[in-house]
Amino acid sequence: MILGRVIGQVWATKKNPYLLGQKLMLVRPIAWYNPDVDTGHIVCVDQVGAEVGQDVVVCLGAPARWKLGDIRFPVEAAIAAIVDSVEVAGNAHCFKDGLQPHGMEAQ
Amino acid sequence: MILGKVIGTLWGARQADGLPGRKLVQVRPVKLNAMIVGKEMRDDPPDDALSDEVVVAVDGLNADEGQLVLVGIGSRVRDITVGRDCPTKAVVVAIVDAAQREI
């Protein structure tokens, strides 16, 4: 799972039937993330009700499908939780709405 | 999944088993830094908003050239949509109407 910030939304009408009715959020990964294709963004299915500006935990891979409740979902990223705060190596990094995300290095 | 623009189709006379009958499209991913805040991105995003990388994806939705699509990259997404015989990892899962970056 990775940490990210919701920065936008994606709308699509013509899509795989399992995606009908699913909310698609545009997320920017905050810390280290090693994707196949490095584009700086990841589109995730949202069933938790995350809004733009909130920091979220995104579930990648097979667990994303388990979380959505059906293994037939053609997704590999789903928002699993909305973050209140993050603590790194004893120092608290607060990620409340509106604050700039920091890198994960300890201060 | 990632956003990308379809820039063309691929044809090949000799293909691996599992590929014949599948439409292969070339997709250039959208760079997040190039998305303008507050502006909806629809079909035909400008060239400078796209990464130089080209992802080849299997297309089951008949996306046209120039359309903005959502590409799922992962072997399980492939298993679920086009089946395990298809030797690919990227599949077009949606044709995007609009994508907007708000912050």
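A contact is defined as heavy atoms within 4.5 Å. By this criterion, residues 24 or more positions apart contribute 51% of the contacts in chain A that have a separation of 6 or more. The model is predicted, with local features requiring pLDDT of at least 70, side-chain atom pairs counted only at pLDDT 80 or more, and totals for chains, interfaces and linings using all residues. Residues are numbered from 1 along each chain as its sequence is written, chains are lettered from A and ligands numbered from 1 in the order in which they are written, and side-chain values use heavy atoms, with hydrogens and water left out.

Chain A contains seven strands and one helix, taken as DSSP runs numbered from the N terminus (helices: H or I, at least four residues; strands: E, at least two). Their order along the sequence is β-β-β-β-α-β-β-β. Chain A has 107 residues, 50% of which are buried (under 20% relative accessible area, with a 1.4 Å probe and protein chains only). Carbon and sulfur atoms make up 52% of the accessible surface of chain A, which totals about 5,200 Å² (Shrake-Rupley method, 1.4 Å probe).

Strand S4 of chain A spans residues 55-60 and includes A:Asp55. A:Asp55 has a relative accessibility of 1% and therefore counts as buried. The side chain of A:Asp55 forms a polar contact of 2.8 Å with that of A:Arg5 (a pair of N or O atoms within 3.5 Å, one able to donate a hydrogen and the other to accept it within protein; residues adjacent in sequence count only if both atoms are side-chain atoms).

For the complex, the predictor gives a pTM of 0.82 and an ipTM of 0.82. In chain B, the mean pLDDT (the predictor's confidence in each residue, from 0 to 100) is 89, and 99% of residues reach 70 or more.
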